[in-house]
Amino acid sequence: MNDSSIDYADLAEYDRRQRGIERHLLAAFLGGFVVGLAGMFVAGWGPGWVGRLYDPYVYLALSLAVGATASGFGWALLTTFLAAAATLVAAMGASGFGGDPAFDVIGGSAAGLNWTIALLVGLGLLAYATRRGDIWGDLAAGAIGVALMADVVNRATSNFAGGDLPSWPGPAALMGLASVAAVFALRRRARGHLHALALSAVFAGLSMVCLAALLSGWIPLTV
């Protein structure tokens, strides 16, 4: 009797895994393309505050979703970068129809574009790390909260520091709450919630202290 050493169950599991990776790659590309294309219509037709919420926070939400559902660290890096690149290409293509194609169509400037792409890829990798069930997963979720709140605080207070973006306290408060909700969504255990939120709260406290010092004149600004 022939004794075959082939484990067909393992082959079937391998095939399902490969098909899942292929679907994830396709979904990341299509998601980035649709989000980037829709962002240009929102920025061109919608109210200004809607555009400031869409860029970059819808892009960041896409990156978090792509990274959290990746099959491995390398796939998280690849798919988040693919989603970011598809978003940029779609946004540039849509802006080209309006007669003003530009590389800084996302982020508002060249520096803003570089920061947005780095933030997209970084958050995607951190989102994948939150799948760990140990303290490192908690720290990754906390780091996501810190990065989101840092961007919110920077945009909300940019006019005090001579930035180009206007102050928008209403949308900033909304995105601050969304950042806390994202941390809760990425961690399923109460202990993980506490660890992640503690790190985010430390940064928020330091930011409020710096903002108060800025407004009170303790920190001089050179205009």
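A: T130 counts as buried, because its relative accessibility is 4% and buried means under 20% relative accessible area, exposed over 50% and partly exposed in between, with a 1.4 Å probe and protein chains only. This is a predicted model, in which local features need pLDDT of at least 70 and side-chain atom pairs count only at pLDDT 80 or more, while totals for chains, interfaces and linings use all residues. Residues are numbered from 1 along each chain as its sequence is written, and side-chain values use heavy atoms, with hydrogens and water left out.

T130 sits in the loop between α4 (110–129) and α5 (135–156); helices are DSSP runs of H or I with at least four residues, strands are runs of E with at least two, and numbering starts from the N terminus. A polar atom of the T130 side chain lies 2.4 Å from the backbone oxygen of A127. Leaving aside residues up to four places away in sequence, T130 touches G137, A140, A141, I144, L186 and R187, where contact means heavy atoms within 4.5 Å.

In the whole protein, 38% of the 223 residues count as buried. The protein has 7 helices and 0 strands. Of its contacts with a separation of 6 or more, 66% are between residues 24 or more positions apart.

Elsewhere, F29 lies in helix α1 (residues 8–45) and, with a relative accessible area of 36%, is partly exposed.

Definitions and conventions: Polar contact = N/O pair within 3.5 Å; in protein donor to acceptor, adjacent residues only side chain to side chain.
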